[in-house]
Amino acid sequence: MVGNTSHKTSRKTLRKTLRALRNGLSDSQHQRASLTVRDNLLSLPDIMSASSIACYLPNDGEVDLRPFMHACWALNNASALHTSLPVLHPVCKGHLLFLRYSEKTAMRVNKYNIEEPILACHDVIPTFQHQVILMPLVGFDANGNRLGMGGGYYDRTLASIQTQTLRPKLIGIAHDCQQVDELPVQPWDIPVNAIVTPTQQLSFNRI
């Protein structure tokens, strides 16, 4: 955990510090984190009851969700569980679409050098039809506030569903070293319902 943070600590400074911490983890630490986060996620009732779960592919030291997705595909033999990945929206700039993803999905590399499914309308799963959205983050605090990479893609994409009665559970995924005492929060920041790390499963009551 990074201590002694305050509202005077700039978000840019925090991003630099926390990205360096997660990128400084060894290969074995990354592998262990990926497997323990997989197991922690599979213990959550919201995960086990979901039919559509949005995931992501790792970038810049993020926790790797591929072992979790493989577990979901194995479960899919007995249930209708589908995984999706975010795709940069081709029309609404700064927004995301979520496309169905499996081992057979055709992929491309986007402008951030991150793999994403090739856009196909029949593979789009509307955001509100997910029961769970797993979100990468740069930093988090014990109040459920999250700090992203700074592009605002998730905040913009999720803003339109915040007033809906039925909406996805938002679960932030992180390494333990990405926790801070207190994050500087902006009005447009969308908090998460839970945060899962290799050693923690934090849950927050959201209206």
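Analyst: Among contacts (heavy atoms within 4.5 Å) with a separation of 6 or more, 68% join residues 24 or more positions apart. This is a predicted model, in which local features need pLDDT of at least 70 and side-chain atom pairs count only at pLDDT 80 or more, while totals for chains, interfaces and linings use all residues. Residues are numbered from 1 along each chain as its sequence is written, and side-chain values use heavy atoms, with hydrogens and water left out.

User: Which residues touch the most other members of the largest nonpolar core?
Analyst: That core has 42 residues, and those touching the most other members are Leu41, Ile47, Ile53, Phe68, Leu134, Ile171 and Ile173. A nonpolar core here is a set of buried Ala, Val, Leu, Ile, Met, Phe, Trp, Tyr and Cys residues joined through side-chain atoms within 4.5 Å, and buried means under 20% relative accessible area with a 1.4 Å probe, protein chains only.

User: And what is Leu134 in contact with, leaving aside neighbours within four places in sequence?
Analyst: Its partners include Leu41, Ile47, Ile53, Ala54, Cys55, Tyr56, Phe68 and Tyr154. Apart from this core lies another, of 6 residues, including Leu18, Val138, Leu147 and Val180.

User: How much of the protein is buried?
Analyst: Of its 207 residues, 46% count as buried.

User: Switching to charge, how many positive and negative side chains are there?
Analyst: There are 20 positive (Lys and Arg) and 16 negative (Asp and Glu) side chains, with His and the chain ends not counted. The centres of the two sets lie 6 Å apart, each charge being placed at NZ of Lys, CZ of Arg, CG of Asp or CD of Glu.

Conventions. Buried means under 20% relative accessible area, exposed over 50%, partly exposed in between (1.4 Å probe, protein chains only).
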